[in-house]
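Subject: Handing over a structure

Hi there,

Here is the structure I promised to pass on to you. Have a look at it first, and then read on for my notes.

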Amino acid sequence: MSTASSRPVRLGPRSVTALVLVSVIGLIAFCWPLFADAGSAVTSHAGDAPWLFAALLPLLVAVVVATVADCGMDAKAVAMLGVLAAVGAALRPLGAGTAGLEPMFFLMVLSGRVLGPGFGFVLGAVTMFASALLTGGVGPWMPFQMLSMGWFTMGAGLLPAPNGLRGRGELLMLSAYGFVAAFAYGTIMNLQGWVLLQGLSSGISFQPGAPLDENLVRFLAYVTATSLGWDLGRAVLTVVLTLTVGGTLLRALRRATRRANFEAQVTFEAPEKPSAGEPPHRTYVTYEPE
C-alpha cells in the first residue's frame with residue numbers, strides 16, 4: 001500500500017473550502033492594520049482586535065477540524081493526532097526561551113510530509129493549542145500561533161513527490177523547507193505582535209495610517225532588531241534534527257500509517273441461510289483498502 005493511500009485525512013471539496021476560509025480570515029487578522037486609515041474606528045481599537053480574533057479563529061479552526069473529520073478521520077487517525085500533538089507539545093518547552101531552539105518544528109515538518117496537508121493543518125493547530133495549555137501561554141496571541149503552525153505543517157504536506165522521493169534527497173528538501181518555513185513562521189508572528197507595540201520606538205514601531213511601504217520598512221527593521229537571531233536558531237535546529245534523525249522518524253511514521261490502514265473500508269458479509277439441521281453460519285468482516 002502506498003503512503004498516499006494510507007493518509008488518514010484526504011482533502012475533499014468541503015475541507016478545501018473550510019481551509020481556504022480559515023486561511024483568508026487568518027490573513028485578514030494578520031494584515032488588516034497595514035491597510036487601515038489612521039483615523040478609522042478599526043485603527044483606534046487596534047488593542048481590542050486580537051481579542052476579537054481570539055474568539056473567532058478557534059471557531060474557524062473547529063470548523064476545519066469537523067470538516068476534515070467528515071472526510072474520513074476515524075478513531076485511529078484521532079489517536080495518531082493525539083499522540084503526535086502530545087509529543088509536539090512536550091517538545092516545545094524543551095528549548096523555549098533559549099535562542100529560539102524549538103524541536104517541535106522538525107516533528108511538524110516530518111508529520112506533515114507523511115500524513116498529508118489536511119492532517120498536517122489540524123495537527124499543527126492542535127499541537128500549538130496543547131503546548132499553550134502545557135506552558136501557560138494562553139492569550140490573544142494563541143489563535144495566531146495555532147493558525148501559523150497549521151500553515152507550517154500543511155506546507156510540508158504540500159511538498160512535491162510525496163510517494164516518489166526518498167532517502168537523502170527527501171531529507172534535503174524537508175530541511176530546506178523547514179529552514180525557510182521557520183523564518184516565515186517567526187515573521188508572520190512578529191507581524192501580529194508588532195502592531196500592538198505602537199510608539200515604543202519611532203524608528204521601528206507600527207504607525208497607523210502610514211503608507212504601506214513605510215510600514216513595511218519599519219517592520220523589516222523591527223524583525224531584524226528583535227527576532228532574527230531567534231528565528232535563525234529555530235531554523236538551524238530544524239535542519240540539524242531533520243538531517244540527523246529525520247530518516248528514522250519518517251520510516252517510523254510511514255510504518256505506523258501503513259499498519260493503521262486508515263482508509264480501509266469495513267464490510268460485513270451477510271451469512272447464507274442455513275439448511276435444515278445445519279448450525280447458523282458466521283458473519284465475516286473484511287477490510288478492503290480503497
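At what angle do helix α7 and helix α8 pack, and how far apart are their axes? Please keep in mind, as you look, that this is a predicted model. Helix α7 covers residues 168-194 and helix α8 covers residues 212-226; the two pack at an angle of about 110 degrees, and their axes are 11 Å apart. Because angles of 65 to 115 degrees count as roughly perpendicular, α7 is roughly perpendicular to α8. The crossing in which α7 passes α8 is right-handed.

From α7 come Thr-187, Asn-190, Leu-191 and Trp-194, and they meet Asn-215, Arg-218, Phe-219, Tyr-222 and Val-223 of α8. By type, the residues of this contact between α7 and α8 are five nonpolar, three polar and one charged.

Now for the whole protein. It has nine helices and two strands, and their order along the sequence is α-α-α-α-α-α-α-α-α-β-β. The protein has 290 residues, and 48% of them count as buried. Among contacts with a separation of 6 or more, 77% are between residues 24 or more positions apart.

Two residues are worth a visit as well.

The first stop is Gln-145, in helix α6, which spans residues 142-157. Is Gln-145 buried or exposed? Its relative accessible area is 12%, and the cut-off for buried is under 20%, so Gln-145 is buried. Which residues does Gln-145 touch, leaving aside its neighbours within four places in sequence? Gln-145 is in contact with Arg-92, Met-128, Tyr-185 and Met-189. There is also Gly-186, which lies 41 residues from Gln-145 along the chain; the C-alpha atoms of these two residues are separated by 9.8 Å.

The second stop is Thr-257, in helix α9, which runs over residues 228-260. Thr-257 has a relative accessibility of 1%, so this residue counts as buried too. Along the chain, Thr-257 and Met-80 are 177 residues apart, while their C-alpha atoms are separated by 8.9 Å.

Enjoy exploring, and write back whenever you like.

Best wishes

Technical notes:
Residues are numbered from 1 along each chain as its sequence is written. This is a predicted model: local features need pLDDT of at least 70, side-chain atom pairs count only at pLDDT 80 or more; totals for chains, interfaces and linings use all residues. Side-chain values use heavy atoms; hydrogens and water are left out. Axes are lines fitted to C-alpha atoms, for helices over the stretch in contact, and angles run from 0 to 180 degrees between N-to-C directions. Helices (H or I, at least four residues) and strands (E, at least two) are DSSP runs, numbered from the N terminus. Angles under 35 degrees count as roughly parallel, over 145 as roughly antiparallel, 65 to 115 as roughly perpendicular and the rest as oblique. A crossing is left-handed if the near helix is turned anticlockwise from the far one by less than a right angle, and right-handed if clockwise. Contact means heavy atoms within 4.5 Å. Ala, Val, Leu, Ile, Met, Phe, Trp, Tyr, Cys and Pro count as nonpolar, Asp, Glu, Lys and Arg as charged, and the others, Gly among them, as polar. Buried means under 20% relative accessible area, exposed over 50%, partly exposed in between (1.4 Å probe, protein chains only).
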